[in-house]
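Welcome! Try each task yourself before you read the solution.

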Amino acid sequence: MVRFAWIGRPVEVRAVAGRAQSLADHRVIAVHSRHTPERILIDPAHHDGPSMDTVTSPPPLGRMGRKLETIAASRPEQRALDLCAAPGGDAPITSKATTETVDLDATRQPLGLLGLVHAAEQLDTLISATVKHDTTPHRLVDQLLDAELDRREEHRLQTSLRLPARSPART
């Protein structure tokens with residue numbers, strides 16, 4: 001937001017009509033537009049200049065700086081899609097997953113074999129909600145596990161209410 005020379009010094013940032021101003025020593029030291037599609041602002045001029053007594057000039061932006069400039073130059077909506085498509089991204093279940101025929105019995109059977117009977121019972125409902133609401137795959141797994149744990153806790157409570165209270169053992 002400001003030149004490197006202001007590192008470690010008090011700077012005030014004000015949002016005014018259509019722009020953001022950085023002020024220091026009772027004067028405007030930087031101005032940037034607001035409400036633009038950009039989410040990343042890299043102003044190479046903020047990195048230029050000689051070192052000072054209190055602050056060393058930063059190294060040139062180099063390869064990482066060029067990569068950031070490329071990202072900043074791309075359309076913001078495209079950047080979000082790229083992040084979701086990246087390995088480990090948080091992409092919702094869409095496209096191919098919603099157009100293929102899915103055999104839920106092939107999924108339900110291993111759940112039952114693992115003892116996750118309640119999750120297997122909820123599979124149809126949760127898959128439908130996942131597709132309808134464009135939920136992420138890990139959220140679907142969370143919901144299946146929550147359904148299993150909730151039913152197990154409910155069963156535990158019902159069982160404990162049915163058992164007679166035991167008298168304390170005498171020693």
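Accessible areas come from the Shrake-Rupley method with a 1.4 Å probe, and for residues only the protein chains shown count as cover. With that in hand, the accessible surface of the chain comes to about 13,100 Å², and carbon and sulfur atoms hold 57% of it. This is a predicted model, in which local features need pLDDT of at least 70 and side-chain atom pairs count only at pLDDT 80 or more, while totals for chains, interfaces and linings use all residues. Residues are numbered from 1 along each chain as its sequence is written, and side-chain values use heavy atoms, with hydrogens and water left out.

**Exercise 1. The overall layout**

Task: find how many helices and strands there are in the chain, and what pattern they follow along the sequence.

Solution. Begin with the definition: helices (H or I, at least four residues) and strands (E, at least two) are DSSP runs, numbered from the N terminus. The chain has six helices and three strands. Reading along the sequence gives β-β-β-α-α-α-α-α-α. Next, take burial, where buried means under 20% relative accessible area, exposed over 50%, and partly exposed in between (1.4 Å probe, protein chains only). Of the 171 residues in the chain, 19% are buried.

**Exercise 2. A strand and the loop after it**

Task: decide whether glutamine 21 is buried or exposed, then do likewise for aspartate 25 and histidine 26.

Solution. Glutamine 21 sits in strand E2 (residues 19-24). Its relative accessible area is 12%, so glutamine 21 is buried. Contact means heavy atoms within 4.5 Å. Leaving aside neighbours within four places in sequence, glutamine 21 has contacts that include Glu12, Val13, Val28 and Val31.

Now move to the loop between E2 and strand E3 (27-33), where aspartate 25 is placed. With a relative accessible area of 52%, aspartate 25 is exposed. Histidine 26 lies in the loop between E2 and E3 too, and is exposed at 86%.

Finally, look at the backbone. Most residues other than glycine have a negative phi. Yet phi is near 50 degrees for aspartate 25, and histidine 26 has a positive phi of about 60 degrees.

**Exercise 3. How H4 meets H5**

Task: work out how helix H4 (residues 104-113) and helix H5 (residues 117-133) pack.

Solution. Axes are lines fitted to C-alpha atoms, for helices over the stretch in contact, and angles run from 0 to 180 degrees between N-to-C directions. The angle between H4 and H5 is about 155 degrees, and their axes are 7 Å apart. That makes H4 roughly antiparallel to H5. The cut-offs are these: angles under 35 degrees count as roughly parallel, over 145 as roughly antiparallel, 65 to 115 as roughly perpendicular and the rest as oblique. Residues making the contact include Leu104 and Leu111 of H4 and Leu123 and Ile127 of H5.

**Exercise 4. How H5 meets H6**

Task: find the packing angle of H5 and H6, then locate arginine 151.

Solution. H5 and H6 pack at about 140 degrees, with axes 9 Å apart. H5 is therefore oblique to H6. Arginine 151 belongs to helix H6 (residues 137-162), and is partly exposed at a relative accessible area of 32%. Not counting residues up to four places away in sequence, arginine 151 touches His118 and Glu121. From C-alpha to C-alpha, arginine 151 and valine 117 are 9.5 Å apart in space, though 34 residues apart in sequence.
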